[in-house]
Every structure is written in structure tokens, then in C-alpha cells.
Amino acid sequence: MTVSKYSASGNDFVIFHAFLKKDRSELARNLCDRQNGVGADGLIVILPHSEYDFEWQFYNSDGSIAEMCGNGSRAAAHYAFVNELAPKKMKFLTLAGVINAEVNGDLVESELTPYKFLGEYKDLGKNFKIYDTGVPHIVILEDISKFDKNLARELRLKYNANVNWAEVRDNKLYVRTYERGVEDETLACGTGMCASFLVARDNNLIEDNVKVYPKSKEELEITLKDNRLYFKGKVKEVFKAYVKVCNNL
């Protein structure tokens with residue numbers, strides 16, 4: 001089979017398209033393995049859909065299913081467009097709902113599904129809020145140099161959520177994220193950046209449009225308009241690969 005390796009602001013994915021929906025969790029673990037596979041944070045499978053341009057199956061690198069992935073949505077949109085599976089402006093189905101996306105060269109904007117506020121907490125010495133921006137995210141407003149992977153892991157397990165440290169400097173948002181399913185800090189997390197944006201906005205630290213920088217330091221843009229989140233940044237196809245698989249397409 002042929003797969004494409006994509007990077008969206010440092011978040012990387014293996015992507016291919018197929019015709020049948022089936023359990024591909026084992027395939028995800030194998031392809032995402034950074035020593036013995038292609039290596040990625042997640043696997044995206046593009047599938048035909050009767051109502052929308054396509055639907056996806058999204059797997060984290062450990063084989064678990066994720067309802068949504070912001071950077072993955074931008075990578076999937078670019079892949080679908082360049083492979084003539086969808087037009088420049090498209091709609092596709094995820095487990096979190098329908099995503100609208102638009103491709104302009106290597107710049108892709110996704111309109112994320114409606115967000116939900118899940119609560120405010122004080123635990124393990126930190127004050128934080130939890131937003132669901134497709135998947136749940138803990139957001140701690142603090143100097144990102146104080147990012148604590150061990151504490152992030154503890155919070156992730158206790159609340160079954162991704163964990164973000166977010167900081168506003170010079171009207172720009174900086175975010176570091178520990179992702180469940182990857183079980184480590186990643187170079188970027190789209191839904192995490194959007195959740196961090198919402199918490200920073202709640203605290204009157206930013207306006208409705210902001211430049212945001214994940215650990216990869218690539219620039220992205222988040223806009224809140226009519227209570228909908230728009231997430232824009234560059235994506236790139238890193239390479240194509242031919243891989244051998246056995247009965248698990």
C-alpha cells in the first residue's frame with residue numbers, strides 16, 4: 001500500500017485512503033511506530049461518504065481512537081484535495097462532528113466543531129480549566145518553561161484529558177501540550193491550542209484573533225467568530241512510502 005507522511009506544525013500523521021471502514025488500530029500502532037514503522041503521532045484513513053466529501057478514521061499512535069484532531073483535520077483536508085478526493089472547500093465527517101476546511105496551497109484553515117466548557121478546577125497544586133474542542137483539554141495558564149511532563153501525565157490520567165501549558169507574551173499565544181494516545185509531549189496540538197486560546201480569552205489576555213506558537217515554533221492563527229473556532233496554518237507532505245501489510249487494510 002502507499003501512504004503519505006504529513007506534518008502540520010510539527011504534528012505528524014500517516015494518511016491513506018480506502019473504501020472500507022474497519023478496525024485499523026493494530027495497523028495504526030504498526031505504522032506510527034517510530035522505530036519499526038513510518039513514525040507518526042497518528043493515523044488518518046480517508047473514506048467515502050454519501051453526504052459529505054469524505055469521512056475519516058483517526059487513530060492515535062497507540063491505536064486508540066480520537067474523536068477529533070485539529071492539525072490532523074488540516075492535513076487530511078490537504079491530502080484529500082491534492083488526491084482529488086475533495087474540492088478546495090470541503091466538508092468531512094469526524095466522530096466529533098462535521099468539519100469545514102479550505103485549502104489554499106500549503107495553507108489550510110479548518111472550522112472546528114462547537115466547543116464546550118467542562119469546568120474549572122484546582123488540583124495537584126494547579127488552577128486550570130477544561131474545554132472540549134473536539135477532545136477534552138486541561139489548560140494551565142503559566143510560563144511554558146515550567147511545563148512539567150510528570151505532572152501533565154498525572155493530570156492526563158486523572159481527568160482523561162490532554163494537558164496544556166499556555167502563556168501570552170506580546171499579544172501572542174505560546175502552548176506546550178501533553179497528548180493522550182501519544183502519551184508524551186508533541187510538537188503541536190491543534191485542539192490544544194484552541195482550548196488554550198479560549199482560556200486565555202476568558203482571562204482577557206487576548207482578542208478574538210491571535211497568532212499561536214506550539215513547541216515546533218511554527219506560526220498558526222486562531223480566530224473566534226460567531227462562537228466558532230477557525231484554525232489556520234501551513235501543512236506539508238513530507239514523503240510518500242510504500243509499505244507491506246498483511247490483511248489489515
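I began with the largest pocket, where strand S2 (11-17) and strand S4 (54-60) each supply at least two residues of the lining. My strands (E, at least two residues) and helices (H or I, at least four) are DSSP runs, numbered from the N terminus. The model is predicted, so to speak of local features I need pLDDT of at least 70, and side-chain atom pairs count only at pLDDT 80 or more, while totals for chains, interfaces and linings use all residues. Residues are numbered from 1 along each chain as its sequence is written, and side-chain values use heavy atoms, with hydrogens and water left out.

I noted about 180 Å³ of space in the largest pocket. Of its 23 lining residues, Asn-60, Ala-66, Asn-162, Glu-179 and Arg-180 are the closest to its centre. A pocket here is an open set of points on a 1 Å grid over the protein atoms alone, with protein on both sides within 12 Å along at least five of seven lines; a cavity is a set where a 1.4 Å probe fits but cannot get out, and lining residues have an atom within 4 Å of a point. Volume is the space filled by probe spheres set on the points, which are joined across faces, edges and corners.

Next I looked up cavities and found 1 of 30 Å³ or more. Strand S12 (residues 172-179) gives the largest share of the lining of the largest cavity, 3 residues.
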